[in-house]
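Have the structure open as you read.

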Amino acid sequence: MKKIVVLISGRGSNMVALARACAAEGWPARIVGVIGNRPGAEGLARAAEQGLPVRVVDHREHADRESFDAALAAEIDALAPDLVVLAGFMRILTDGFVRRYAGRMLNIHPSLLPAFPGLATHRRALAAGVRVHGSTVHFVGAELDDGPILAQSVVEVRDDDTEQTLEARVLEAEHRLYPLAVRWFVEDRLRVEGRRVRLLPRPGAAGPSG
Ligand code: GAR
């Protein structure tokens, strides 16, 4: 049984989607803790409602990124996870932290990377006039919103979209995409080859025919 720790900063809707899928689909995994960096975050209450152990590492109590990341790593390591899942975790991570969890830390970003890394992705997608937008699940690499891509969900941009309507459709798709990608990880079906990620067939599944 693999152990997952989820890091959040805010609403926590992706964390809830993961918790529900993990329980409903009987993954060979369980969420052993949800850690937030803002004590009042809505997502922490939602995690508690799901019966998940909750912890807070408040970034405002740390003078610099190194000190915050060290405290966060100590909380994570105490739970001994196989996988760290960033779900709306809005902190820039130090190189040391990223290296510590290399190959076992995933992030979801609300754009089709490498387009629109960073913030305000929906507004920037509308301003750029792209016809498709979406979200990306990737292994966390050294650069912001970068690293080998596991999966993407594509959402069509409509003529009458606003930042809010586009965000809502992307988020809905995130709630399907992230559980799918995390499940691949816990089922040990992913192989990273340079920047590409290969998905192995589910054990027992028939190979390609014809
Ligand atoms: C999601 O849209 C996620 O992709 C985004 O924050 C939102 C969190 O929502 N993440 C980032 O922008 C990371 N760069 P949630 O708290 O309801 O899951």
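Predicted model: local features only at pLDDT ≥ 70, side-chain atom pairs only at ≥ 80, totals over all residues.

Numbering starts from 1 along each chain as its sequence is written, and side-chain values use heavy atoms, with hydrogens and water left out.

**Overall build**

The chain has 6 helices and 9 strands, taken as DSSP runs numbered from the N terminus (helices are H or I, at least four residues; strands are E, at least two). Its radius of gyration is 17 Å, close to the 17 Å from the globule rule for 210 residues, so the chain is as compact as a globular protein of that length. That radius is taken over C-alpha atoms, and the rule is 2.2 Å times the number of residues to the power 0.38. Along the principal axes, the C-alpha atoms fill a box of roughly 50 × 45 × 35 Å.

Of the 210 residues, 47% count as buried; the cut-offs are under 20% relative accessible area for buried, over 50% for exposed and partly exposed in between (1.4 Å probe, protein chains only).

**Cores**

Which residues have the most contacts inside the largest nonpolar core? They are Ile4, Val6, Trp27, Tyr178 and Val182, in a core of 35 residues. Helix α6 (residues 163–186) gives the largest share of this core, 7 residues. Apart from it lies another core, of 19 residues, including Val5, Val57, Ala73 and Val98. A nonpolar core here is a set of buried Ala, Val, Leu, Ile, Met, Phe, Trp, Tyr and Cys residues joined through side-chain atoms within 4.5 Å.

Back to Trp27: leaving aside neighbours within four places in sequence, Trp27 is in contact with Met1, Ile4, Leu18, Ala21, Cys22, Pro179, Val182, Arg183 and Val186.

**The loop between β5 and α5**

Most residues other than glycine have a negative phi, and most peptide bonds are trans. Now look at the loop holding Leu119, between β5 (105–109) and α5 (121–128). Pro114 is in this loop too, and the peptide bond from Leu113 to Pro114 is cis, with omega near 10 degrees.

| Residue | Phi |
|---|---|
| Phe116 | near 55 degrees |
| Ala120 | about 55 degrees |

Phe116 is buried, with a relative accessible area of 15%, while Ala120 is partly exposed at 31%.

Is Leu119 buried or exposed? At 61% relative accessibility, Leu119 counts as exposed. Beyond its neighbours within four places in sequence, Leu119 is in contact with Met90 and Arg124. Leu119 and Met90 are 29 residues apart in sequence and 9.5 Å apart in space, C-alpha to C-alpha.

**Rings**

The charged end of Arg91 sits over the ring of Phe68, 5.0 Å from its centre. The test is NZ of Lys or CZ of Arg within 6 Å of the ring centre and within 35 degrees of the ring normal.

Note on methods: Contact = heavy atoms within 4.5 Å.
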